[in-house]
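Dear colleague,

Please find the structure below, with its sequence. My notes on the ligand, the pockets and the backbone follow it.

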Amino acid sequence: MNDNHTHSPATRLVIFGRQGAGKGTQCNRIVEHYGVVHLSTGDMFRAARDAETELGRQVAPIMASGGLVSDELTIAIVRERLAEPDVRERGFVLDGFPRTPAQAAALLEMLGDDRLHAVLNLDVPLEEVTARMKARGREDDTDDGIAKRLALYDMQTVPTIEWFRERDLLVNIDGLGTEDEVTVRIFDAIDSVLAATP
Ligand code: ADP
């Protein structure tokens, strides 16, 4: 599948999507198809918390309360990871970062001349993700919990999406339809940006 990354430059992507938008599935497919590294700050923080590292001890109470880890800590952990050779060679799809406009500005600053190819917004209406989350019935998917997490996303993440939109970096992807239909839309969007990249 992934036979093109030896002669094409590393692909650098960001993906946004509400809980229940299907971001996990689409990230896996992007990783398989483009050979990029999946970078999830949520996964990084959970790993640190579970390993009880110094960072983990700092972030555990913040995560438990549903708050955001400070920009300073979050930017530092991403900066370190982006400098590692696998990410530099293979590129990345960032998931869960940036989550604030300050993180977005820091990301562009750390990339320097390495441009972001696409910032994908996997767009699924609020009513639809609410219905999907209720249907999957996970333990933390109570009506109240669902509403709270979705409201938090609108409050915290939507301004960051707008930050990219204002800079003409945002590609909106219709997230309605089958998983395969959505994947085709995402690959088409990425491919057209890559084709236009010198
Ligand atoms: P969610 O469960 O909200 O989808 P994630 O799995 O992306 O979240 O992240 C889990 C937790 O890690 C968040 O609730 C937050 O405390 C922290 N976190 C992850 N990414 C960031 C970020 N970019 N900035 C601040 N905190 C973050």
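In these notes, a residue is near a molecule if one of its heavy atoms lies within 4 Å of it. Of the 14 residues around the ligand, the nearest are Thr-41, Arg-46, Gly-67, Gly-96 and Gln-103. Please note that this is a predicted model, in which local features need pLDDT of at least 70 and side-chain atom pairs count only at pLDDT 80 or more, while totals for chains, interfaces and linings use all residues. Residues are numbered from 1 along each chain as its sequence is written, and side-chain values use heavy atoms, with hydrogens and water left out.

Ligand

- A polar side-chain atom of Thr-41 lies 2.8 Å from a nitrogen atom of the ligand.
- A polar backbone atom of Gly-67 is 2.6 Å from an oxygen atom of the ligand.
- An N or O atom in the side chain of Arg-99 is 3.1 Å from an oxygen atom of the ligand.

On its own the ligand has 540 Å² of accessible area (Shrake-Rupley method, 1.4 Å probe), and the protein covers 80% of that area. Helix α2 (residues 41-50) gives the most to the shell around the ligand, namely 4 residues; helices are DSSP runs of H or I with at least four residues, strands are runs of E with at least two, and both are numbered from the N terminus. The shell comprises 5 nonpolar, 7 polar and 2 charged residues, where Ala, Val, Leu, Ile, Met, Phe, Trp, Tyr, Cys and Pro count as nonpolar, Asp, Glu, Lys and Arg as charged, and the others, Gly among them, as polar.

Pockets

A pocket is an open set of points, on a 1 Å grid over the protein atoms alone, where a 1.4 Å probe fits, with protein on both sides within 12 Å along at least five of seven lines; lining residues have an atom within 4 Å of a point. The ligand sits in the largest pocket, that is, more than half of its atoms lie within 2 Å of the grid points. This pocket holds about 1300 Å³ of space, a volume being the space filled by probe spheres set on the points, which are joined across faces, edges and corners. Its lining has 43 residues, and Gln-19, Gly-42, Arg-46, Arg-99 and Arg-149 lie nearest the centre.

The second largest pocket has a volume of about 190 Å³. Its lining divides into 6 nonpolar, 1 polar and 4 charged residues.

Backbone

Most residues other than glycine have a negative phi, and most peptide bonds are trans. Phe-97 and Pro-98, however, are joined by a cis peptide bond with omega of about -5°. Pro-98 belongs to the loop between β3 and α6. Glu-52, in the loop between α2 and α3, has a positive phi near 50°.

Yours sincerely

Note on methods
Polar contact = N/O pair within 3.5 Å; in protein donor to acceptor, adjacent residues only side chain to side chain.
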